[in-house]
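Biologist: I would like a close look at one part of this model. Please set it in the context of the whole chain, then go through the details.

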Amino acid sequence: MSRSPHHPADGGHLADTRLEPDSRLGALARRLAAIVSDRVQGDLISEGITDLRPVHLRIFAALGRGGGARVTEIADRLGSTKQTVGPLVDELVVKGYLHRRRDPADARAKIVDFTPAGNAAAEAAHRSAENIDRQWADRIGAERLTECRTMLWELVNASDD
């Protein structure tokens with residue numbers, strides 16, 4: 001009987017990082033997310049924004065363009081906790097990308113929002129991500145990219161059940 005070189009009985013690992021067309025969807029999704037993250041970060045570095053890590057960009061994406069949010073809201077959007085997100089927000093405040101202001105609806109709470117430098121970095125990241133989508137549309141066709149996005153969205157929603 002022939003075995004794959006990565007079969008556990010042959011000393012291989014179940015969590016093999018080599019991907020194939022029939023790899024688990026989760027593994028393909030993680031790799032795709034890493035590709036996007038690496039490319040966006042590379043584009044930011046080429047624009048002189050060298051002090052942001054991929055996890056910072058997740059905070060930017062969760063904060064969005066909506067005029068600020070509480071740390072708990074950012075954590076909810078990321079499927080994370082205030083204890084995890086809070087220190088990352090603190091880092092971004094120290095770096096000058098975010099600031100905190102009093103929440104007009106609750107004087108005890110703070111709203112996190114972009115500084116001008118944060119807005120510029122977030123816009124640069126957004127442009128980079130849009131360029132990646134355009135390149136993929138050029139590669140596989142806009143219709144197939146839309147179908148892919150639709151199917152992934154359906155899987156995300158199906159996972160919430």
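Modeller: A residue counts as buried when its relative accessible area is under 20%. By that cut-off, 27% of the 161 residues of the protein are buried. Keep in mind that this is a predicted model.

The overall layout comes before it. The protein has six helices and two strands. Along the sequence they follow the pattern α-α-α-α-β-β-α-α. The accessible surface comes to about 11,000 Å². Carbon and sulfur atoms account for 54% of that surface. Among contacts between residues at least 6 apart in sequence, 45% join residues at least 24 apart.

Now the helix itself. α2 covers residues 54-63. Its buried residues are His56, Leu57, Ile59, Phe60, Ala62 and Leu63. An α-helix has 3.6 residues a turn, so residues three or four places apart point the same way. The buried residues of α2 pack against both helices and strands. The helical partners are α1, α3 (71-78), α4 (82-94) and α5 (116-140). The strand partners are β1 (98-103) and β2. Just after α2 comes glycine 64, with a positive phi of about 65 degrees.

From β2, follow aspartate 113. Strand β2 spans residues 106-114, and aspartate 113 lies in it. Aspartate 113 counts as buried because its relative accessibility is 15%, and the cut-off for buried is under 20%. Its side chain makes a polar contact of 3.4 Å with the side chain of arginine 101. Leaving aside neighbours within four places in sequence, aspartate 113 touches Leu63, Gly67, Gly68, Tyr97, Leu98, His99 and Arg101. Leu63 brings us back to α2, where Leu63 is one of the buried residues.

Leucine 25 lies in helix α1. Leucine 25 counts as partly exposed because its relative accessibility is 49%; partly exposed residues fall between the buried limit of 20% and the exposed limit of 50%. With Leu28, Leu152 and Leu155, Leu25 forms a nonpolar patch on the surface. Together these four leucines have about 320 Å² of accessible area. Two helices, α1 (25-46) and α6 (142-159), each supply at least two residues of the patch.

Definitions and conventions. Residues numbered from 1 in each chain as written. Predicted model: local features only at pLDDT ≥ 70, side-chain atom pairs only at ≥ 80, totals over all residues. Heavy atoms only, no water. Patch = residues over 30% accessible without salt bridge, like charges linked within 9 Å, V, L, I, M, F, W, Y side chains within 5 Å. Areas by Shrake-Rupley, 256 points an atom, 1.4 Å probe, with all protein chains shown as cover. Salt bridge = Lys/Arg side-chain N within 4 Å of Asp/Glu carboxyl O. Helix = DSSP H or I, 4+ residues; strand = E, 2+ residues; numbered from the N terminus. Buried < 20%, exposed > 50% of the residue type's maximum accessible area, 1.4 Å probe, protein only. Polar contact = N/O pair within 3.5 Å; in protein donor to acceptor, adjacent residues only side chain to side chain. Contact = heavy atoms within 4.5 Å.
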